[in-house]
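Welcome, and thanks for taking a look at this one with us. Below is a short briefing to read alongside the sequence and the 3D view.

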Amino acid sequence: MKPFFAPHSRYTMINEIQLKNCKNLDVLAYSNEAGPTIISTKDRRQFFVTCHLECERMRLDLKFKRDLSKNLKIKPPLNYYQNNNINNLPILSWRMASQLFLSNWINYYVYQESPYIIENIGKSI
């Protein structure tokens, strides 16, 4: 697997022993800091993404600072602030991974699996 950046806002607890024993699931991406990050069923009909590839730059910042204002004891989102300094602007290091994930998902699991006859596209049937 090639490394990619993906912010994580909370601690997702996945029992990795149970996950490994579930023969219908594949771990597609794994983080040493956060554990299984992208998981799919063997038939690739369901995907489980534990990171926040979908987030815009400031989304986790707003949630994180909201929770800090409530005096919750939380850590900054992983791979989000430069040098993990919450006073810095989020670095948006995950944009390429986000776009590639969506593009690949659409290409391989929607477009490639769509039952159509290419010659009929644009024709009245």
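W105 sits in helix α3, which covers residues 95–111; helices (H or I, at least four residues) and strands (E, at least two) are DSSP runs, numbered from the N terminus. This is a predicted model, in which local features need pLDDT of at least 70 and side-chain atom pairs count only at pLDDT 80 or more, while totals for chains, interfaces and linings use all residues. Residues are numbered from 1 along each chain as its sequence is written, and side-chain values use heavy atoms, with hydrogens and water left out.

- Setting aside residues up to four places away in sequence, W105 touches F47 and V110, where contact means heavy atoms within 4.5 Å.
- W105 and I17 are 88 residues apart along the chain, and their C-alpha atoms are separated by 27 Å.
- The largest nonpolar core has 13 residues; such a core is a set of buried Ala, Val, Leu, Ile, Met, Phe, Trp, Tyr and Cys residues joined through side-chain atoms within 4.5 Å.
- Inside that core, the residues with the most contacts are L53, Y80 and W94.
- W94 is in contact with L53 and Y80, and its other partners include F5, P7, H52, C55 and R57, leaving aside neighbours within four places in sequence.
- As background, nonpolar side chains in soluble globular proteins tend to be buried together.

- Strands β1 (residues 25–31) and β2 (residues 35–41) run antiparallel and are joined by six bridges; two strands pair if DSSP finds at least two bridges between them.
- Three residues lie between β1 and β2 in this hairpin.
- L25 stands opposite T41 in β2.
- T37 is found in β2, and with a relative accessible area of 2% it is buried.
- A polar atom of the T37 side chain lies 3.1 Å from the backbone oxygen of G35. A polar contact is a pair of N or O atoms within 3.5 Å; within protein, one must be able to donate a hydrogen and the other to accept it, and residues adjacent in sequence count only if both atoms are side-chain atoms.
- Not counting residues up to four places away in sequence, T37 touches a set of residues that includes A29, Y30 and S31, along with F4, H8, F48 and C51.

**Salt bridges**

- How many salt bridges does the structure hold? There are four, a salt bridge being a side-chain nitrogen of Lys or Arg within 4 Å of a carboxyl oxygen of Asp or Glu.
- D26 pairs with K42, with the closest N and O atoms 2.5 Å apart. D26 lies in strand β1 and K42 in the loop between β2 and β3 (47–49), so the pair ties together parts that are 16 residues apart in sequence.
- K42 is partly exposed, at 45% relative accessibility.
- D26, K42 and R44 are linked in a network of salt bridges.
- D61 and K65 meet through their side chains at 3.0 Å, N to O. The two are four residues apart in helix α2 (residues 59–69), so about one helical turn separates them.
- D61 is buried at 7% relative accessible area, whereas K65 is partly exposed at 36%.
- R66 and D67 also form a salt bridge, at 3.0 Å, N to O; R66 is partly exposed at 39% relative accessibility, while D67 is buried with a relative accessible area of 3%.

**Cysteines**

- The structure holds zero disulfides, where a disulfide is a pair of cysteine sulfur atoms within 2.5 Å.
- C51 is in no disulfide, and its nearest cysteine sulfur, in C55, is 9.4 Å away.
- C51 counts as buried at 3% relative accessibility, and C55 counts as buried at 10%.

**A loop residue**

- N71 is placed in the loop between α2 and α3, and at 67% relative accessibility it counts as exposed.
- N71 and N15 are 56 residues apart in sequence and 28 Å apart in space, C-alpha to C-alpha.

Definitions and conventions:
Buried means under 20% relative accessible area, exposed over 50%, partly exposed in between (1.4 Å probe, protein chains only).
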